Amino acid sequence: MTETHGAWHRQTFIPITRQRFESEAAAEPVYAALVRSWAAEGRTLPGRPDWEWNQLVNGPSWPS
């Protein structure tokens, strides 16, 4: 059985293997073309901030 030394520690960073959006888009031409067409239409893109969601979340919670 494996011995443990101390308590569990939370991982506070995202590994570099999870941050591959730009390189994957360049490696796959079909996906890259889809991302370009969505960006041209002003749609939300994976791995990029969503301005509409931020506007809704940060707006007033009750109409005036």
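Okay, a definition to start: a residue is buried when its relative accessible area is under 20%, exposed when it is over 50%, and partly exposed in between, using a 1.4 Å probe and protein chains only. By that rule E41 is exposed, at 58%.

Now, what are we looking at? This is a predicted model, where local features need pLDDT of at least 70, side-chain atom pairs count only at pLDDT 80 or more, and totals for chains, interfaces and linings use all residues. Residues are numbered from 1 along each chain as its sequence is written, and side-chain values use heavy atoms, with hydrogens and water left out.

So, the layout. The chain has three helices and zero strands, which gives α-α-α from the N terminus on. Helices here are DSSP runs of H or I with at least four residues, strands are runs of E with at least two, and both are numbered from the N terminus. Of the 64 residues in the chain, 8% are buried. The chain exposes about 6600 Å², and 58% of that comes from carbon and sulfur atoms; those areas are from the Shrake-Rupley method with a 1.4 Å probe, and for residues only the protein chains shown count as cover.

Let's go to helix α2, residues 29–41. Its end C-alpha atoms are 18 Å apart, which agrees with the 18 Å that 13 residues should span at 1.5 Å a residue. The expected span is 1.5 Å times one less than the number of residues. Just after α2, G42 takes a positive phi of about 80°.

W38 itself is partly exposed, at 26%.

R43 comes up again, in a salt bridge with E41 at 3.8 Å, N to O. The rule there is a side-chain nitrogen of Lys or Arg within 4 Å of a carboxyl oxygen of Asp or Glu, and the count comes to one salt bridge. R43 is partly exposed, at 46%.

Last stop, helix α3, residues 51–58. Is it buried or in the open? Zero of its eight residues are buried, so α3 lies largely in the open. V57 is found in this helix and is partly exposed, at 46%.
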